[in-house]
Amino acid sequence: DTGMRPSDQFALRFDQIDARAMSITLTQHKTSKPHVVFIDQSTLEAIDRIKTDREVVFPLTWGGMRRYT
């Protein structure tokens with residue numbers, strides 16, 4: 001459990017994840033402030049299992065599939 005807002009989760013990109021530091025660095029959608037979320041080994045393993053060549057971690061949004069242009 002990261003405590004991240006859903007809007008931040010849906011916007012999460014693989015380049016924001018630092019496996020060595022076991023953290024995610026992002027700009028919060030709601031506040032526009034930088035934020036660091038620390039993650040554990042099981043979270044890193046789960047992210048590794050879904051990692052592909054796409055930019056975003058979770059390609060779904062509240063409205064359904066994210067549209068790529």
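Entry 1. Exposure terms.
I count a residue as buried under 20% relative accessible area, as exposed over 50%, and as partly exposed in between. I am working on a predicted model. I looked up Arg13 first, and its relative accessible area is 28%, so I put Arg13 down as partly exposed.

Entry 2. Salt bridges.
I searched the whole structure for salt bridges and found 2. Which residue forms a salt bridge with Asp15? The partner is Arg13, and the closest N and O atoms of this pair are 3.0 Å apart. I then looked up Asp15 itself: the relative accessible area is 58%, and I noted Asp15 as exposed.

I went on to Glu55. Glu55 also forms a salt bridge with Arg13, with 3.7 Å between the closest N and O atoms. I checked where the two residues sit. Arg13 is in the loop between helix 1 (6-11) and strand 1, and Glu55 is in the loop between helix 2 and strand 4, so this pair ties together parts that are 42 residues apart in sequence. Glu55 has a relative accessible area of 54%, so I listed Glu55 as exposed. Through shared partners, the salt bridges join Arg13, Asp15 and Glu55 into one network.

Entry 3. Thr52.
I looked up Thr52 next. Thr52 is in the loop between helix 2 (41-50) and strand 4 (60-61). Buried or exposed, or in between? I read a relative accessible area of 38% for Thr52, so Thr52 is partly exposed.

What does the side chain of Thr52 reach? I found that it reaches the backbone nitrogen of Arg54, at 3.2 Å. I also took the C-alpha separation of Thr52 and Phe14, which is 9.2 Å. Along the chain, Thr52 and Phe14 are 38 residues apart.

I noted an open sheet formed by 3 strands, in the order 1-2-3, with antiparallel pairing. Why is one side of strand 1 and of strand 3 left without a neighbour in the sheet? Strand 1 (17-18) and strand 3 (34-38) stand at the edges and each has a single partner strand, so one side of each has no neighbour there.

I then followed the pairing of strand 2 (residues 23-27) with strand 3. These two strands pair in the antiparallel sense, and I recorded 5 bridges.

Definitions and conventions: Residues numbered from 1 in each chain as written. Predicted model: local features only at pLDDT ≥ 70, side-chain atom pairs only at ≥ 80, totals over all residues. Heavy atoms only, no water. Helix = DSSP H or I, 4+ residues; strand = E, 2+ residues; numbered from the N terminus. Buried < 20%, exposed > 50% of the residue type's maximum accessible area, 1.4 Å probe, protein only. Polar contact = N/O pair within 3.5 Å; in protein donor to acceptor, adjacent residues only side chain to side chain. Pairing = 2+ DSSP bridges. Salt bridge = Lys/Arg side-chain N within 4 Å of Asp/Glu carboxyl O.
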